[in-house]
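Please look over the sequence and the model below before reading on. The paragraphs that follow go through selected contacts and strand pairings.

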Amino acid sequence: MNITERELKYLGLLSKQYPSAASAAAEIINLSAILNLPKGTEHFLADIHGEYEAFIHVLKNASGTIRIKVENLFLGQIREQELRQLCTLIYYPKESLERLSQQHYLRKDWYKVTLNQLIKVLQCVSEKYTRSKVRKALPAQYSYITQELTHEDSMNPKKSAYVGAILDTIIDTGQADDFIIAICETIQRLAIDRLHIVGDVFDRGPGAQFIMDKLLTYHNVDIQWGNHDMLWMGAAVGNTASMANAIRIALRYANLSTLENGYGINMLPLARFAMEVYGKDPCTPFTPKLGDADETYDEKSILLMGQMHKAIAIIQFKLEHQLIARHPEYGMEDRDLLHRINQAEGTITLPNGETYPLKDTFFPTIDPNDPYKLTEAEADVVAKLLHSFRHSEKLLRHINFLFKKGSLYLTCNHNLLFHASVPLNEDKTFRKVKIRGRAFSGRALLDRIDEFVRQSHWSSSDHPEHKEAIDYMWYLWCGPDSPLFDKSAMTTFERYFIADKATHHEEKGYYYVYRTEEQVCDMILEEFDLKSTESHIINGHVPVREVKGEHPVQAGGKIMLIDGGFSRAYQSSTGIAGYTLIFNSQGLHLVKHEPFSSTREAIEHMEDISSTSVVKAYSTDRILVRDTDQGLILEDQIEELKKLLHAYRHGLIKERE
């Protein structure tokens, strides 16, 4: 084995971690063993849109994976009611123990049976991991005891008394509840090795802040930015047009709790302004969309939200004009519509020359001679709202996490993950998009945008790209060539003010037209160096309308669309409550979910989300760690350690004491 002088310097550094031939050899043995373990389970979710309770439940039950494991272990041994009780206990251990205590279930015999069942489930979910990894997942105070229980066979007569004594002691010392909670949380953690969020945590639903809190503490997660995530990222770094859009959407869906309670955004300046300017305006087109959980709003609250909604919408259109005027390269002049309003006649003439009556003709803050100028009061509202966004400690912590853990796309274990699209031309070639005067397409485009976006956050304010990057984040939200949007236009104004739905149409980019073709998907995968026959594109963004016969798997299985309506706002049009994807050592498993009632219902009535397998793509051979991206890294590490071992044995590097 020839070792160059450069390699020898590197091996000298490596020797500090492995100071002897024995330690290097031991690590080679350890890594080689890991390569032959089954790959960990990956869990893919997209377009969560603030639906916190459903999101948490899907995490807790691992899209039904835990239920399947429990059924495989105990089906035929325990009744259905007991099986549901055990699953609910695993998902919600603290709450379930409180409920069971009230029902006088918690006797010593129940504890012993339940602890034995939980240990078996833990053994099942931990079988694909090394003991070291399982040990690190265990709560420190119960680590030793749990390792003893999971690695001993209670059916062995020589060990059953030993195991029984441990369980008796746990119960007699009053630690059974804490121990059960620890075991259940460990089962949840080990059921999923890596979580992929394929875009759009924010907007519509009421709990984006809770979802982000959960992701902050999750053991292994990555995020592919969606356009709604980019909207909030832009708002947090100072893009006022993005901020106005985020507030408008929150008001549209009666979701002030995320703004006010979640992030401490002071909405009083907007409320006061709206009452002063639109106090006598019913603002009918701006009445918020109320869900089942919003029945507590009284008429006055609904009216005020509508007035605030209209106020921020008009402010948004003015702020967007500033960006469009500053960046003619965006090519979005057709989105400047305020100057096209004929206030005297109550009509608007769109860029195509067609004139339409307006549903709302009350525009007290729009000067026909200078329609895009903010009034003094509007400018004051914008300044105060921006101060709240820029100084929300929790929001900034969440946005920092999105920058740290997020990216525009990800290649992982032969799969390509991105939220919406890779822009294409009509002839199916990659579309060239200019950024700061240079044209990019395909993978290079996504790489450049990713780099550009980060300049808004990490670079200093005097960096030449800093201000442009902040502006561009709004373009990524709604720009026609944005890979996070990729439609002709976001017809927000038309939806509010024009009754004719033909004007609401948003023409999708060619990616959405051609992604159903296997050849196009292969071209895209190859662009990202994914040439395996097992490679897939995994998207969200556009809801799959099952009720209209749409299917989440297309292009001969090359693409999987996992936005099926997680958001309650979409469920009437999709017919379901979303898809999630599981990729384990046996292959891909696409799961369809029915709407989730509530956490309370799940606990009190032991109700799980009703989930149905849509696709099961089993691998002919069980997929091992060596077949994954991590396996390639481990194999490289093994080769370097073999060189270090050679250097020790041939005296090129001296062993340390």
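Is K310 buried or exposed? In this predicted model, K310 is buried, with a relative accessible area of 0%. Its side chain meets that of D281 in a salt bridge, with an N to O distance of 2.7 Å. D281 lies in the loop between α16 and α17 and K310 in helix α17, so the pair ties together parts that are 29 residues apart in sequence. D281 also counts as buried, at 8% relative accessibility. K310 has a further contact: the residue lies over the face of F363, at 5.8 Å from the ring centre.

Ring pairs link F363 with F286, F317, F493, Y496 and F497 in a cluster. The count of aromatic pairs in the structure comes to 23. One of them joins F286 and Y496, whose ring centres are 4.6 Å apart and whose planes meet at 25 degrees, so the pair is stacked; the limit for stacking is under 30 degrees. F286 belongs to the loop between α16 (268–278) and α17 (299–326), while Y496 belongs to helix α22 (residues 492–497), so this contact ties together parts that are 210 residues apart in sequence. Both F286 and Y496 are buried. Elsewhere, K39 lies over the face of F583, at 4.1 Å from the ring centre.

Salt bridges number 34. R436 takes part in a network of them that also links R448, E451, E465 and E468. The side chains of R436 and E465 meet at 3.4 Å, N to O. E465 is in the loop between α20 (442–458) and α21 (466–478) and R436 in the loop between β10 (433–435) and β11 (438–440), so the bridge ties together parts that are 29 residues apart in sequence. E465 counts as buried at 11% relative accessibility, whereas R436 counts as partly exposed at 41%. R436 also forms a salt bridge with E468, the closest N and O atoms being 3.2 Å apart. This pair links distant parts of the chain, with E468 in helix α21 and R436 in the loop between β10 and β11, 32 residues apart. E468 is partly exposed, with a relative accessible area of 25%.

The strands come next. Strand β1 (residues 42–45) pairs with strand β2 (residues 194–197) in the parallel sense over 4 bridges, and H43 stands opposite L195 in β2. β2 also pairs in the parallel sense with strand β3 (residues 221–224), over 3 bridges; here I197 has I223 in β3 as its bridge partner. From β2 the chain passes through helix α12 (residues 208–216) to β3, in a right-handed β-α-β crossover.

An open sheet of 5 strands has the order β8-β9-β12-β14-β13, with mixed pairing. Its edge strands, β8 (409–412) and β13 (553–554), each pair on one side only. β13 runs antiparallel to strand β14 (residues 559–561), joined by 2 bridges, and Q554 stands opposite I559 in β14.

Helix α3 (residues 52–61) has 8 of its 10 residues buried, so the helix is largely enclosed by the rest of the structure. Among the buried residues are F55, H57 and K60. Just after α3, A62 takes a positive phi of about 50 degrees.

Last, the cysteines. The structure holds 0 disulfides. For C184, the nearest cysteine sulfur is that of C87, 10 Å away; a disulfide requires sulfur atoms within 2.5 Å, so C184 is in none. C184 is buried, with a relative accessible area of 0%, and C283 counts as buried at 1% relative accessibility.

Terms used
Residues are numbered from 1 along each chain as its sequence is written. This is a predicted model: local features need pLDDT of at least 70, side-chain atom pairs count only at pLDDT 80 or more; totals for chains, interfaces and linings use all residues. Side-chain values use heavy atoms; hydrogens and water are left out. Buried means under 20% relative accessible area, exposed over 50%, partly exposed in between (1.4 Å probe, protein chains only). Rings of Phe, Tyr and Trp (its six-membered ring) pair if their centres lie within 6.5 Å; planes under 30 degrees apart count as stacked, over 60 as edge-to-face and the rest as tilted. A charge sits over a ring if NZ of Lys or CZ of Arg is within 6 Å of the ring centre and within 35 degrees of the ring normal. Two strands pair if DSSP finds at least two bridges between them. A crossover is right-handed if, with the strands pointing away from the viewer, the path from the first strand over the helix to the second runs clockwise. A salt bridge is a side-chain nitrogen of Lys or Arg within 4 Å of a carboxyl oxygen of Asp or Glu.
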